[in-house]
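Please read the points below with the model open beside you. They are arranged by place and by kind of contact, for someone who has not seen this structure before.

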Amino acid sequence: MFVLFGSYSFLDLFPKPNRIAIVTGGSRGIGAKVVKQLLQCDMEVILACRVISLGENIIHQIRESGVTSGRAKVYKLDNSSLESVKKFAKQIKADYDKIHVLINNAAVMFPTSYKNTEDGYEEQWMINYLSHFLLMSLLLPLLKTGGHPEECSRIVNVTSCAHDLGTINFDYINNFDKKILCRHDSYGQSKLAQTMSTITLQKLFKNKSLNILVYSVHPGIVKTDLFQDTVLAWNKWLMVGWKTADQGATPVIYAAISKDLEKKGGIYISNCKEMAVPSLALEEEVRERLFELSLKQTHLKNFFQYL
């Protein structure tokens with residue numbers, strides 16, 4: 001069900017030293033709060049963002065707020081470019097031999113005009129879904145090394161309840177004709193694709209006996225600048241009662257560290273509770289078709305080719 005308001009959840013931030021996490025889109029909104037809470041868990045956090053200086057500024061603000069635990073590094077990642085994703089992954093592989101948590105948070109919503117990225121894909125599809133699909137494949141070797149039977153590595157796909165209103169329009173995502181799908185539908189579609197790939201990947205990881213858990217998480221309707229290009233940006237009163245960025249980060253952190261979720265991957269989480277996924281996400285034939293198309297669009301011969 002598409003829910004605007006929901007009960008807020010709270011989570012104890014317990015120490016997780018020697019754990020390494022990546023947060024895409026970590027320089028603003030929910031992502032910045034996720035970075036802060038992971039640092040409060042004494043983790044090493046890789047903040048991946050398009051503008052390095054913005055990421056460094058967030059780290060400075062976090063330290064100024066009194067958080068001294070954990071270690072933080074900022075890396076450049078432009079989720080609108082497949083080449084940038086490849087460069088980021090190459091640098092991470094050069095600097096690290098394992099990763100324990102990957103949080104796919106970077107997103108854009110309802111841009112004011114239709115735009116295709118340099119790779120030829122509509123930007124919401126590319127930034128919200130396709131770039132993260134490629135990143136997960138590229139970083140599988142590090143996630144595999146980071147996972148163990150007693151404590152698996154984790155991938156958290158930050159999705160949205162908008163997936164309830166989404167569908168997978170294969171004619172559109174094969175051609176990206178701006179006349180076929182409006183920007184609102186395209187956003188819901190990109191988030192539905194995240195939810196669907198979560199289910200698909202968990203099944204594949206289980207079949208390959210990989211100690212990697214995948215979750216899709218709805219952070220709630222949160223007051224962030226993700227809404228800056230929407231009508232809500234000029235109607236602030238409509239945001240009364242919405243979650244703060246801190247509250248929106250909580251279910252994301254829950255999926256990343258909670259012991260309650262160990263061995264329970266492939267699920268959709270909202271308000272720190274497992275929720276039902278849209279009916280379309282349960283259709284295996286559609287999921288398989290989406291998966292094969294995603295491989296083609298990211299130029300992957302096999303999702304596991306880097307293992």
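1. His-299 belongs to the segment that follows α9 (284–297); helices here are DSSP runs of H or I with at least four residues, strands are runs of E with at least two, and both are numbered from the N terminus. Its phi is near 60°, a positive value in a residue other than glycine. The relative accessibility of His-299 is 57%, so the residue counts as exposed. The classes are buried for under 20% relative accessible area, exposed for over 50% and partly exposed in between, with a 1.4 Å probe and protein chains only.

2. On the source: this is a predicted model, in which local features need pLDDT of at least 70 and side-chain atom pairs count only at pLDDT 80 or more, while totals for chains, interfaces and linings use all residues. Residues are numbered from 1 along each chain as its sequence is written, and side-chain values use heavy atoms, with hydrogens and water left out.

3. For the protein as a whole, the model has 9 helices and 8 strands. Of its 307 residues, 57% are buried. Among contacts (heavy atoms within 4.5 Å) with a separation of 6 or more, 76% are between residues 24 or more positions apart.

4. Asp-42 also has a positive phi, of about 65°, and is not a glycine. The loop that holds Asp-42 runs between α1 (29–40) and β2 (44–49). With 34% relative accessibility, Asp-42 counts as partly exposed.

5. How many aromatic pairs does a search of the whole structure find? The search gives 8. Rings of Phe, Tyr and Trp (its six-membered ring) pair if their centres lie within 6.5 Å; planes under 30 degrees apart are stacked, over 60 edge-to-face, and the rest tilted. Because Tyr-75 is in strand β3 (residues 71–76) and Phe-88 in helix α3 (residues 82–95), the pair ties together parts that are 13 residues apart in sequence. Both Tyr-75 and Phe-88 are buried.

6. A further pair joins Phe-303 and Phe-304, whose ring centres are 5.6 Å apart with planes at 80°, so it too is edge-to-face. Phe-303 has 1% relative accessibility and counts as buried; Phe-304, at 12%, counts as buried as well. These two rings are part of a cluster that ring pairs build from Trp-125, Tyr-129, Phe-133, Phe-205, Phe-291, Phe-303 and Phe-304.

7. Charged side chains also meet rings. A charge sits over a ring if NZ of Lys or CZ of Arg is within 6 Å of the ring centre and within 35 degrees of the ring normal. The charged end of Lys-208 is placed this way over Phe-304, 4.8 Å from the ring centre. For Arg-289 the ring is that of Phe-170, and the distance to its centre is 3.9 Å.

8. Two packed helices are described by the angle between their axes and the distance between the axes. The axes of α3 and helix α4 (residues 123–138) come within 10 Å and cross at roughly 35°; axes are lines fitted to C-alpha atoms, for helices over the stretch in contact, and angles run from 0 to 180 degrees between N-to-C directions. On the α3 side the contact residues are Leu-82, Val-85, Lys-86, Phe-88, Ala-89 and Lys-93, and α4 supplies Met-126, Ser-131, Leu-134, Leu-135 and Leu-138.

9. Gly-147 is in the loop between α5 (140–146) and β5 (153–158). Its relative accessible area is 7%, so Gly-147 is buried. Beyond neighbours within four places in sequence, Gly-147 is in contact with Cys-152, Ser-153 and Asn-211. The C-alpha atoms of Gly-147 and Leu-213 are 8.9 Å apart, although 66 residues separate them along the chain.

10. Ser-186 lies in helix α7 (residues 183–207) and, at 1% relative accessibility, counts as buried. From Ser-186 to Gln-124 the C-alpha distance is 6.8 Å, and the two are 62 residues apart in sequence.
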